[in-house]
Amino acid sequence: MGIIFDKPLIGVVMCQSHIGGHLTQTVHNKYPDAVILAGGVPLALPHSLMNAPHLLENAMTVLDGLLLTGSPSNIEPWHYGEAGEEPHADPGRDRLAFQLITWATSRKMPMLGICRGMQELVVANGGALWRDLSQQKQFQRHHEDETQPLDQQYAPAHPVTIEANGLLSSLLDSTQPLQVNSLHHQGIREPGPQLRVEARAPDGLIEAVSLRHHPFALAVQWHPEWQADRTTGSRQLFDGFIQAAVRFHKEKDHE
């Protein structure tokens, strides 16, 4: 008896760190919870999928969408042409994320990137980052105060202006600035030729991009997964992503 399709499977990228002396891969509950809330089924993707080519291929074949999560880590700067070390690196995530993006792009699989996930989509497509926004005086403060409770860290920090006639404007009301949280030390310096700018902060910093010539590859610098059940804009983002994953699954069935 075949499996009856009910909800789309969404691959979720994890981060690696040391916990109690053990290398451990984790993802904050808020990411899979937001996927489930929107009607998807999250499936964690370990870095060891890179150990052999067929492992990644097998995992991606069953998926209907890809969620590139936020992270305390940063992309190693050599990936976008800069020298120096990155003290908060996660090289395993870099390798996996770039391969996942390449795979999903070639097959038009829906992608949603959040914070680091947005930066991964940009770097994977030839863009570059500001390594420390606090050193760029043209920008306002974009990182949180880590001494404050989470509700305050994730509180709305500034508006973003949504560009007209883009993917983001089709999901949200582009006539009104959207209030978003802001918890990032790095930002987009150059988006690269394959990406369309979808939104900007008041200081001009790029806050959302989409991949040209792709049905649904959208990434945002803020964190819509935080209390997604309480924020209309966040729900609309995840709903649009999951609906795109449903369409992708149906198209796979007809191939």
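Biologist: How do you know that the span of helix 3 (residues 91-106) agrees with its number of residues?

Modeller: At 1.5 Å a residue, the 16 residues should span 22 Å. The end C-alpha atoms lie 23 Å apart, so the two values agree. Bear in mind that this is a predicted model.

Biologist: Which residues of helix 3 are buried?

Modeller: Among them are Gly92, Arg93, Asp94, Leu96, Ala97 and Phe98. Leu100, Ile101, Trp103 and Ala104 are buried as well.

Biologist: What follows helix 3?

Modeller: Lys108 does, with a positive phi near 60°.

Biologist: Why is Asn74 called buried?

Modeller: Buried means under 20% relative accessible area. Asn74 has 15% relative accessibility, so Asn74 counts as buried. This residue sits in the loop between strand 5 (65-68) and helix 3.

Biologist: What makes the pair Asn74 and Glu86 a polar contact?

Modeller: The cut-off for N or O atoms is within 3.5 Å. The side chains of Asn74 and Glu86 are joined at 3.2 Å.

Biologist: Which residues does Asn74 touch, not counting those up to four places away in sequence?

Modeller: Glu86, His88, Ala89, Asp90, Asp94, Arg116 and Gln186. Of these, Asp94 is also one of the buried residues of helix 3.

Biologist: How many cavities of 30 Å³ or more are there?

Modeller: The count is one. The largest cavity holds about 40 Å³ of space.

Biologist: What lines the largest cavity?

Modeller: Leu133, Ser134, Gln140, Arg141, His142, His143, His184 and His185. By class, the lining has one nonpolar, six polar and one charged residue.

How values were computed
Residues numbered from 1 in each chain as written. Predicted model: local features only at pLDDT ≥ 70, side-chain atom pairs only at ≥ 80, totals over all residues. Heavy atoms only, no water. Helix = DSSP H or I, 4+ residues; strand = E, 2+ residues; numbered from the N terminus. Expected span 1.5 Å × (residues − 1). Buried < 20%, exposed > 50% of the residue type's maximum accessible area, 1.4 Å probe, protein only. 1 Å grid on protein atoms, 1.4 Å probe; cavity = no way out; pocket = protein on both sides within 12 Å on 5 of 7 lines; lining within 4 Å. Points joined across faces, edges and corners; volume = space filled by probe spheres on them. Nonpolar A, V, L, I, M, F, W, Y, C, P; charged D, E, K, R; others polar. Polar contact = N/O pair within 3.5 Å; in protein donor to acceptor, adjacent residues only side chain to side chain. Contact = heavy atoms within 4.5 Å.
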